[in-house]
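Me: Could you walk me through this structure? I'd like to learn how to read its features as we go.

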Amino acid sequence: MSGSTLDLEGPRRRKRGPSAFIPILFILIALLLLPRCQTVPATGETRLTLISTAEEIQLGREADAQIRTTVGVYADQRLQEYLGAVGLKMAEVSERPQLPWCFQVLDDAAINAFAAPGGFIYVTRGILAYCNSEAELAGILGHEIGHVTAKHAVINLSRQQVIQFGFGVLEQVYPELEGISDLAGIGMQLLFLKFSREDELEADELGVRYMIRIGQNPNRLIDVMEMLERLSQARGGGDLPQWLSTHPSPGNRRVNLAAIIEPLDESAFKPEDPQAYLRRLNGLVYGKDPREGYTEGSRFFHPQLRFQHRFPEGWRISNQESSVKASGPDRSAAISITLSEHGEIEAAVRGFFAPPEIAWEGTRSVDVNGNPGEIGEFVLSSDQGLLYGEALFISYNGRIYQIVGYGSKSGWRRHATVVRESLLSFATLNDPEALSVQPLRLEAIALRQSTTLRDYYEQRDCPIDLSALALLNRLDPDTEIPQGQLIKWVTTGQQ
Ligand SMILES: [Zn+2]
C-alpha cells in the first residue's frame, strides 16, 4: 500500500483485544465443522462454500475495520455520498440487494479498487482521479460488485482454508508489532487476494450486466481497462496500478467484453456527462498527502500531529493510517510508532506490559527532547519464537506515543544500539515550512479557447510532467481540445 497515512486520533483507533477475535474463532470453528454447498446467486451455480451469508458479512466487517484503520477513508462527505449513490444503484439491481452494501473512497494515491466479502466495496482516490466519467466509475464498481455477487472471495477463502486467516499470538497481543513476520490481517490479505482468470471474466460480465440495468454504457468498462493498460505501459510495467496487478491480462478481458457488448443497442444507454464527473473531482487530493506524514531520507515528519522522528539509516519506512513502521534491511528488527489508547504514561506502561507473554524488569524515566518518557526492555514469547525489544512511552501534546523497537535474538543483538538512538529521536516539529505543507490537488479547468494540452501546459504552472498530465486526462499532448471542454489540472494551491 502506498500513500497511507498516520492518523491515530479519535474513534478510528482500533482496539483489538482478544475479545475482537471471538467472531473469527467462531467462524473458524464453524468452518471446520460445516462444509456445505450453496447456490451462487449471480451465476446460479452450485459451488462448495464453507461460509454462510451471515459469516460472510461478519468477515467483511472485520476486513472493513482493518482497511479503514490501515489505509484510511478519504475525508470528503460529498464524494463519499456520490460514490455510495452510484454504487448502490447497481447493488440494488444485483442478485444480492439485501447485503449491507457499503461503498467507500479510501485515502490512498494508489490506483486500486477491491471488494471485501459481504458487500464492502472500495475505490482509492487515486483511481477516481484517473476516471473520466461516472460510467467508467460505474464500470469499476460493477466489476467489484460482481466479485461479491458471484461470491469469489468466499469460494477462494474456502479453498485456501480460512484457518490461515487466524492471527498469531503476537498480533493478538500487540497488533502494532506486525511487520517482522509475514502475518497480516484479513483486510490486508484481501487487498492482495488474486482471483482466477475465470473469476475476473465473470466479474467483468456481471459488471456489464449491472451497468446495463441502470442504463450506463458498458463500453466505459473497456475504456477503464485501456486506461489501466496505458498507465502500466507509461510506467514501464514496474509500478503497476494495483488494480491491474491483481487483475491480470486486461487485453483478453477487453476482447471478451467487446464480444458481449457489440450486439447491444447503444441508444438504450443514458446520455453521458463526463464534465459533471470532472467537476466532482475539483479539489481532490492528488498523490500522497504529506500532511499525514512524509519522509526525507531517514527522517519522518508528521505535520498534523506536529512531531518528527529519525529512523536508523537505510531502514524502510512505511507510513500507515494508524502507525509508522520501519524495518531493518535484513527484516530482523523493526520500529513502530503508535498512539497508546491510554491517556497517561503509567497506564500505557501497565497496559503494554500486562500480557503474560511479556517479560520485563520495569522502566526508567527519560527526557525525550523536552518531553517526559518512560523506557523499558522486554522479551516477548510469541508463536514465532522470542522477540527482544525496548518500548518507549512519551507524553506529547496530550497523547501518549508508544514507540517500540524489537527484533529476533540475533536481529536485536545487531540493531539494539541504533534502535535505541532512533527511539530517543522523537521530537516536536516546529519548522513552519514542514507544518504548512500541502498536498497537490486536482482542478477541473474549462478552456477559454481551443488549444492543445502542450500549449496550455507551457502557459500555466503545473507541478507534474506534461506526460503525467496527458495520462491523467487520457489526451495526446498535441491534440486540439475544443473551447469550453474541462480538463484535469494539478495545482499546489490550497483548496
Ligand atoms: Zn476483479
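Predicted model: local features only at pLDDT ≥ 70, side-chain atom pairs only at ≥ 80, totals over all residues.

Me: Which strands form the open sheet, and in what order?

Reply: The order is E6-E19-E22, three strands with antiparallel pairing. Helix H18 lies across E6, E19 and E22, at about 135° to E22.

Me: How do I read the packing of two helices?

Reply: Two packed helices are described by the angle between their axes and the distance between the axes. Axes are lines fitted to C-alpha atoms, for helices over the stretch in contact, and angles run from 0 to 180 degrees between N-to-C directions. Here, H9 and helix H10 (residues 219-234) pack at about 135°, with axes 9 Å apart. H9 and H10 are therefore oblique to each other; angles under 35 degrees count as roughly parallel, over 145 as roughly antiparallel, 65 to 115 as roughly perpendicular and the rest as oblique. Asp204, Val208 and Met211 of H9 make the contact with Arg220, Leu221 and Met225 of H10, where contact means heavy atoms within 4.5 Å.

Me: What span should H9 have, and what does the model give?

Reply: The expected span is 1.5 Å times one less than the number of residues. For the 17 residues of H9 (residues 197-213) that should be 24 Å, and the end C-alpha atoms are 24 Å apart, which agrees. Among the buried residues of H9 are Leu201, Leu206, Val208 and Met211. Buried means under 20% relative accessible area, exposed over 50%, and partly exposed in between (1.4 Å probe, protein chains only).

Me: Is Ala42 buried or exposed, and what is it in contact with?

Reply: Ala42 counts as buried, at 7% relative accessibility. Find Ala42 in the loop between strand E1 (36-39) and strand E2 (46-49). Leaving aside neighbours within four places in sequence, Ala42 is in contact with residues including Glu95, Thr149, Leu206 and Tyr210. Ala42 and Thr149 are 107 residues apart in sequence, yet 5.4 Å apart C-alpha to C-alpha.

Me: What about phi values?

Reply: Most residues other than glycine have a negative phi. Arg331, in the loop between strand E11 (323-327) and strand E12 (333-339), has a positive phi near 55°. Arg474 also isn't a glycine, and its positive phi is about 55°. Arg331 is partly exposed at 39% relative accessibility, whereas Arg474 is buried at 17%.

Me: And how much of the chain is buried?

Reply: Buried residues make up 56% of the 495 in the chain. The secondary structure comes to 18 helices and 22 strands.

Definitions and conventions: Residues numbered from 1 in each chain as written. Heavy atoms only, no water. Helix = DSSP H or I, 4+ residues; strand = E, 2+ residues; numbered from the N terminus. Pairing = 2+ DSSP bridges.
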